[in-house]
Amino acid sequence: MILGIHHAAISTPDLDRALDFYCNVLGFTVASRMDWAQGAALPDTIMGLRGSAARQAKLRAGNCFLELFEFSSPAPSRPERGIQDHGITHLCLHVRELAAEVARLEAAGIRFRSAPQRRASHASVYGHDPDGNVLELLEVTDDSHPFSFATLGPGRDGRP
């Protein structure tokens, strides 16, 4: 039985920079950290890789985790792909006071694709993390909206 989404994972060329952004700018907290050297069979087996080595951190925010990897082996590649291309397109973060959050993040150097777009029940905007990954900030203003945490049951406000 699937209970829900536990975490998303992002590969980054600079774990320290990503930790600084996700923790100090966005407010995530570090839940765990680990590293592994080449020859570690378990990570290779799980990920279907050969000779992997990486630094990893799992972060916590609200009702989920975010995992960050900095692989030193095999050599990472960064194919450019548009948001319209198949695959995961963005990470959506649930926020309160969207306009204030956008202003705070713009002051921290985050660029957004547009001004926040308001609808009757919610508002959102797309921006980028330091590695170019697309982030959506979403503020649900109507608890009857299907994306509201109010529809999830106990602990539904996005807090653990």
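User: Is Arg17 buried, exposed or partly exposed, and what is its relative accessibility?

Analyst: Welcome! This is a predicted model, where local features need pLDDT of at least 70, side-chain atom pairs count only at pLDDT 80 or more, and totals for chains, interfaces and linings use all residues. Residues are numbered from 1 along each chain as its sequence is written, and side-chain values use heavy atoms, with hydrogens and water left out. Buried means under 20% relative accessible area, exposed over 50%, and partly exposed in between, using a 1.4 Å probe and protein chains only. Arg17 has 33% relative accessibility, so Arg17 counts as partly exposed.

User: Which residue forms a salt bridge with Arg17?

Analyst: Side chains of opposite charge can pair when their charged atoms come close. The cut-off here is a side-chain nitrogen of Lys or Arg within 4 Å of a carboxyl oxygen of Asp or Glu. Arg17 pairs with Asp131, and their closest N and O atoms are 1.9 Å apart. Arg17 lies in helix α1 and Asp131 in the loop between β7 (122-128) and β8 (134-140), so the pair ties together parts that are 114 residues apart in sequence. Helices (H or I, at least four residues) and strands (E, at least two) are DSSP runs, numbered from the N terminus. Asp131 is buried, with a relative accessible area of 15%.

User: How many salt bridges does the structure hold?

Analyst: There are five. In one of them, the side chains of Arg55 and Asp16 meet at 2.9 Å, N to O. Arg55 sits in strand β3 (residues 53-61) and Asp16 in helix α1 (residues 15-25), so this pair joins parts 39 residues apart in sequence. Asp16 and Arg55 also belong to a network of salt bridges with Glu70.

User: Which residues line the largest cavity?

Analyst: Rolling a probe the size of a water molecule over the atoms shows where empty space is left. On a 1 Å grid over the protein atoms alone, a cavity is a set of points where a 1.4 Å probe fits but cannot get out, and lining residues have an atom within 4 Å of a point. Here the lining is Phe21, Leu26, Leu105, Ile110, Phe112, Leu135 and Leu137.

User: How much space lies in the largest cavity?

Analyst: About 40 Å³. A volume is the space filled by probe spheres set on the grid points, which are joined across faces, edges and corners. The structure holds one cavity of 30 Å³ or more.

Conventions:
On a 1 Å grid over the protein atoms alone, a cavity is a set of points where a 1.4 Å probe fits but cannot get out, and a pocket is an open set with protein on both sides within 12 Å along at least five of seven lines; lining residues have an atom within 4 Å of a point.
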